[in-house]
Amino acid sequence: MSLSQWQWETATAGAVAGFATVAAMYPLDIVRTRFQVNDGRVTNFPAYKNTAHAIFTITRLEGLKGLYAGFLPAVLGSTVSWGLYFFFYGRAKQRYSKNREEKLSSGHHLASAAEAGALVSLCTNPIWLIKTRLQLQNPLHQSRRYSGIYDALRTILREEGWTALYRGLGPGLLMVSHGAIQFTAYEELCRIMVDYKEKKQKSEGASNLLNSFDYALLGGSSKIAAILITYPFQVIRTRAQQRPSKEGIPRYMNSWHVVKETAS
């Protein structure tokens with residue numbers, strides 16, 4: 001199999017995985033987005049007590065289709081993102097390994113992942129912005145509703161200009177650090193666990209250091225650490241991408257304005 005063929009196959013596999021993930025978990029994504037923008041200061045969002053109450057309220061007021069608002073751009077964004085990520089990641093590794101005989105180091109893999117993530121953010125930010133706005137439409141909104149992804153794109157370009165499609169790009173780029181944080185946390189937790197197991201092996205004569213459960217625990221723990229650290233960037237991006245009021249005044253001027261208003 002040629003390297004070029006392998007890159008396209010991994011890109012296709014990533015795209016299929018992205019579609020399956022979005023389709024299965026989308027209602028929870030709707031709830032997360034609405035919780036992220038509800039700061040208690042606006043009146044155009046229903047009050048949700050918890051996740052179950054949010055799902056029940058959305059279904060009662062908006063019907064089952066309310067749980068899948070913005071599904072098309074979500075599928076498109078996830079599919080394109082994963083496809084582009086694997087493609088850019090493969091190209092970056094190919095460039096770093098050029099004229100090198102030894103295998104790529106962990107630093108090269110990390111740099112390749114960061115580079116791919118940044119490029120994907122630049123390419124897909126307009127899709128995520130449209131998805132967010134479609135998800136936030138509800139019966140309490142006073143502005144004219146977007147009828148779909150094309151109407152949303154056309155309306156945004158007409159009323160706000162093309163630069164509006166890149167609102168929230170800053171925190172989106174910062175979210176690229178998610179992979180680096182997870183990788184670092186995994187390596188550090190792995191070192192701690194190996195040290196502990198080595199001491200236990202000397203005292204109890206254990207034969208294996210790490211088993212499948214240990215690796216699963218390390219992976220889950222490092223993922224949780226990365227989510228906890230980068231989650232505020234998701235909130236900032238979502239709030240920055242909200243639709244302006246019917247007078248054309250945005251709720252937040254930029255990402256820094258989101259930080260200041262949220263912290264005050």
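Visitor: What share of the residues of the protein chain counts as buried?

Guide: Of the 264 residues, 38% count as buried. Keep in mind that this is a predicted model. Buried means under 20% relative accessible area.

Visitor: What elements make up the protein chain?

Guide: There are 9 helices and 0 strands. The C-alpha trace spans about 70 × 45 × 35 Å along its principal axes. The accessible surface comes to about 15,100 Å². Carbon and sulfur atoms account for 63% of that surface.

Visitor: Why is Thr 132 called buried?

Guide: Its relative accessible area is 5%. The cut-off for buried is under 20%. Therefore Thr 132 counts as buried. Thr 132 lies in helix α4. Leaving aside neighbours within four places in sequence, Thr 132 is in contact with Thr 33, Thr 238 and Gln 241.

Visitor: What makes a set of residues a nonpolar core, and which residues form the largest one?

Guide: The residues must be buried, of a listed nonpolar kind, and joined through side-chain atoms within 4.5 Å. The largest such core has 11 residues. Among them are Val 22, Tyr 26, Ile 30, Tyr 48, Ile 58, Leu 67 and Ala 74. Helices α1 (3–37), α2 (51–62) and α3 (71–97) each supply at least two residues of this core. Helix α1 gives the most, with 4 residues.

Visitor: Which residues is Ala 74 in contact with, leaving aside its neighbours within four places in sequence?

Guide: Val 22, Tyr 26, Trp 128 and Lys 131. There is also a second, separate core of 8 residues. That core includes Leu 129, Ala 152, Ile 156 and Ala 164.

Visitor: Which residues of α5 are buried?

Guide: Asp 151, Ala 152, Thr 155 and Ile 156 are buried in α5. They cover an arc of only 130° around the axis, so they sit on the same side of α5. What covers these buried residues includes α4 (106–136). The face of α5 turned away from the buried side carries Tyr 150 and Arg 158, which are exposed.

Visitor: What makes Arg 95 and Glu 115 a salt bridge?

Guide: Their closest N and O atoms are 2.6 Å apart. The limit is 4 Å, between a side-chain nitrogen of Lys or Arg and a carboxyl oxygen of Asp or Glu. Therefore the pair counts as a salt bridge. Arg 95 lies in helix α3 and Glu 115 in helix α4, so the pair ties together parts that are 20 residues apart in sequence.

Visitor: Why is Arg 95 called partly exposed?

Guide: Its relative accessibility is 45%. Buried is under 20% and exposed is over 50%, with partly exposed in between. So Arg 95 counts as partly exposed. Glu 115, at 24%, also counts as partly exposed.

Visitor: How do you know whether Glu 160 and Arg 133 are buried or partly exposed?

Guide: Glu 160 has 24% relative accessibility, so it counts as partly exposed. Arg 133 has a relative accessible area of 2%, so Arg 133 is buried. The two form a salt bridge, with the closest N and O atoms 2.6 Å apart. Glu 160 lies in the loop between α5 and α6 and Arg 133 in helix α4, so the pair ties together parts that are 27 residues apart in sequence.

Visitor: Where do Asp 151 and Arg 154 lie?

Guide: Both lie in helix α5, 3 residues apart, about one turn of the helix. Asp 151 has 6% relative accessibility, so it counts as buried. Arg 154 has 43%, so Arg 154 counts as partly exposed. Elsewhere, salt bridges that share partners join Asp 29, Arg 32 and Lys 131 into one network. The structure holds 10 salt bridges.

Visitor: Which residues form a nonpolar patch on the surface?

Guide: Leu 153, Leu 157, Trp 162 and Tyr 166. Together they have about 400 Å² of accessible area.

Definitions and conventions
Residues are numbered from 1 along each chain as its sequence is written. This is a predicted model: local features need pLDDT of at least 70, side-chain atom pairs count only at pLDDT 80 or more; totals for chains, interfaces and linings use all residues. Side-chain values use heavy atoms; hydrogens and water are left out. Patches are made of residues with over 30% relative accessible area and no salt bridge: like charges are joined within 9 Å, nonpolar side chains (Val, Leu, Ile, Met, Phe, Trp, Tyr) within 5 Å. Accessible areas come from the Shrake-Rupley method with a 1.4 Å probe; for residues, only the protein chains shown count as cover. Buried means under 20% relative accessible area, exposed over 50%, partly exposed in between (1.4 Å probe, protein chains only). Contact means heavy atoms within 4.5 Å. The arc is that of the directions from the helix axis to the C-beta atoms.
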